[in-house]
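Here is a guided reading of one structure. Please look through the sequence and the model before going on.

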Amino acid sequence: MKNKKFIFVLISVLIVCFIGASIFFALQGISAENKRQEYFDVYRDMAEKYIEANSEMLNKYGDDISVEFDNSVTYSESGERGFFDRYIEVFVPNIPDTLEEFTDGMDMIKFNVKISGDEYEIIFEKNDLGKLVVTNLSEITQ
């Protein structure tokens, strides 16, 4: 009888620990993703300013350009990471503390954007100085 109680208590403690760990890692992942999105928002703002100042866009759409980003982003990180590194990052996300560190860790960022109703993609890639700059703004043909 005592062994059954002990096993029941042990199983209960393990279940509570598992649920607690799951919540902890989920919240950690959400926090890391929110911080990453803040960095992407900086580049969305840069893209919007680039589009609004682009002479080709001004000629095509005039001064009242409307710029609308969807929530998707495609990016390529610098360096090579193996399977084990990606697996560990699920539990311990590695998000840079500053925008500069974030920029150093990225090779390419691509956003889809609607400019006055027309769909475009804008791509940031690293230049020779290691900064992400707009290298391509092209209309998406369907």
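Glu121 counts as buried because its relative accessibility is 19%, and buried means under 20% relative accessible area, with exposed over 50% and partly exposed in between (1.4 Å probe, protein chains only). This is a predicted model, in which local features need pLDDT of at least 70 and side-chain atom pairs count only at pLDDT 80 or more, while totals for chains, interfaces and linings use all residues. Residues are numbered from 1 along each chain as its sequence is written, and side-chain values use heavy atoms, with hydrogens and water left out.

Glu121 belongs to strand E3, residues 118-126; strands (E, at least two residues) and helices (H or I, at least four) are DSSP runs, numbered from the N terminus. Beyond its neighbours within four places in sequence, Glu121 is in contact with Lys110, Phe111, Asn112, Asn136, Leu137, Ser138 and Ile140, where contact means heavy atoms within 4.5 Å.

Strand E3 is part of an open sheet of 4 strands, ordered E1-E2-E3-E4 with antiparallel pairing. Two strands pair if DSSP finds at least two bridges between them. At the edges are strand E1 (67-77) and strand E4 (132-139), each of which pairs on one side only. From one strand to the next, the twist averages 20°; axes are lines fitted to C-alpha atoms, for helices over the stretch in contact, and angles run from 0 to 180 degrees between N-to-C directions.

E3 and E4 are antiparallel and joined by 7 bridges. Ile122 has Leu137 in E4 as its bridge partner.

Helix H1 (residues 2-53) lies across E1, strand E2 (106-115), E3 and E4, and runs at about 120° to E1.
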